[in-house]
Amino acid sequence: MLARSRTLPSRIHHGAVEERHDFRHYLQVEVQPKTQAETEAINPVSNYSKCFDDDGRLKRTGTFWTATAHIITAVIGSGVLSLAWAIAQLGWVAGPAVLILFALVNIYTSNLLAHCYRAGDPVTGQRNYTYMDAVKANLGGRKVMLCGLIQYLNLFGIAIGYTIAASVSMMAIKRSNCFHKSGGKDPCHMSSNGYMITFGIIEVLFSQIPDFDQVWWLSIVAAIMSFTYSSVGLGLGLGKVAESGKFKGSLLGISIGTLTKAGTTVTATEKMWRSLQALGAIAFAYSFSIILIEIQDTIRSPPAEHKTMKKATLFSITVTTVFYLLCGCMGYASFGDLAPGNLLTGFGFYNPYWLLDIANVAIVVHLVGAYQVFCQPLFAFIEKWCAKKWPKSDFVTAEYDIPIPFFGIYQLNLFRLLNLFRLVWRTIFVIMTTLISMLLPFFNDVVGILGAFGFWPLTVFFPIEMYISQKKIAPWTSRWVGLQIISVTCLFISIAAAVGSFAGVVLDLKTYKPFKTSY
């Protein structure tokens, strides 16, 4: 491998091209304030370069459609598979109502957060490249560290949840084919460990993609896959309802005394825990605010980034909510109180089994992309911090061309250059998420905990507080009170969901053996 110069792309300074050789400056997380003269020098109307944006970085190329693809990839994830189970706990009245309320809250708070991409003026203000940058510019103090801790722990947890979900779908394909080969005589029980390891190996490869803006094509593929498996789940649900000739379920959800597939009877206490856990599952199904700023940072302007982001958010969440209602409600109508934690695996080995195989393949492909969409901001944060800490270390900062026999130097934009630190650190990260997934393969419980842990602080509290600070909304005005009511209400929902999800983990641990979970 040939050593690559650490010289980075040139930037605009006082209307002239200036070469940057300082790696720390280029990767700096904190945004340095510009003087008025600098702002005028890079004004788009005057001497503005066609190759660079107003912050001196290469021109952003994201559009409404790429932002929509990123959001749909992040939103319609493994969470959609647990919605039939969530609605089964809440019933026909509360289930759809809670789904719609979560959608409205997400649309509103996402619009508030979109205004915080630029500090001060939403069109010409200083850019915030990450969620943490936005919190630092608008709130500062200890809230920055608190935000970073919650955000990156949540991203780490989502990677674990997606690994578990992918392994379940991979096993469903294998079990389906095994069941049909044996003519239904073999129950085809198997361990999930091998499939988690396989998914981990795939993610090690894709994790070498250096930057968030280079996974746009992966997001588009993943978004198509999400519609594919959601449509299959919806179609199978409709078919099952048509076959039985009636809608199952009740107005108030799962009944006390119901015998579950695990062989246990639902008590009054367990029904309460299940209902609270369902709130966490629905919250997780809408978790994308933690990467909204990073998505917005890929959008080109004009028009102003916040305008494009608002349109993309409204369109994406509207589409996904319709899908959520259809998939969740049809799944509940099909299975009633016994709706499974993973909708597609609940259809068992019904014909046409090849259609279920296609849906499960689509889930795996989608989760490969969604894993990257959520993890790239975490990768970038760690790498920027290390570059500032050890700026002269070749292990951390140097990049290398990859020579391939008969093809010369490998310079495709997909993986671009090899960086040793990126290779080692991202590989270790994937190994860690895979091992934890093998230790705690409780899909519904993990989904509920993640939804409860990330919903209030990242989707509601920080966006509202940043918006109040940016717009200088005075305390105890009608608008301030309204925003605080939303925040406090969502806090209570998050606490309730967390209690229910942890109770579910405690119940599952009673019959659990590490690394020996089979399906």
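Residues are numbered from 1 along each chain as its sequence is written, and side-chain values use heavy atoms, with hydrogens and water left out. Because the model is predicted, local features need pLDDT of at least 70 and side-chain atom pairs count only at pLDDT 80 or more, whereas totals for chains, interfaces and linings use all residues.

**View 1. Asp-297 and Arg-60 form a salt bridge.** The structure holds 5 salt bridges (a side-chain nitrogen of Lys or Arg within 4 Å of a carboxyl oxygen of Asp or Glu), and in this one the N to O distance is 3.0 Å. The pair links distant parts of the chain, 237 residues apart, with Asp-297 in the loop between helix H10 (292–296) and helix H11 (305–335) and Arg-60 in the loop between helix H2 (36–41) and helix H3 (64–75); helices are DSSP runs (H or I, at least four residues), numbered from the N terminus.

**View 2. Arg-274 and Glu-270 pair within helix H9.** The closest N and O atoms of this salt bridge are 3.3 Å apart, and the two residues, 4 apart in helix H9 (residues 268–285), are separated by about one turn of the helix. Arg-274 is buried at 15% relative accessible area, as is Glu-270 at 17%.

**View 3. Arg-426 meets Glu-383 in a salt bridge.** The N to O distance is 2.7 Å, and the pair links distant parts of the chain, Arg-426 in helix H15 (residues 420–439) and Glu-383 in helix H13 (residues 353–389), 43 residues apart. Arg-426 is buried with a relative accessible area of 0%, and Glu-383 is buried at 14%.

Methods
Buried < 20%, exposed > 50% of the residue type's maximum accessible area, 1.4 Å probe, protein only.
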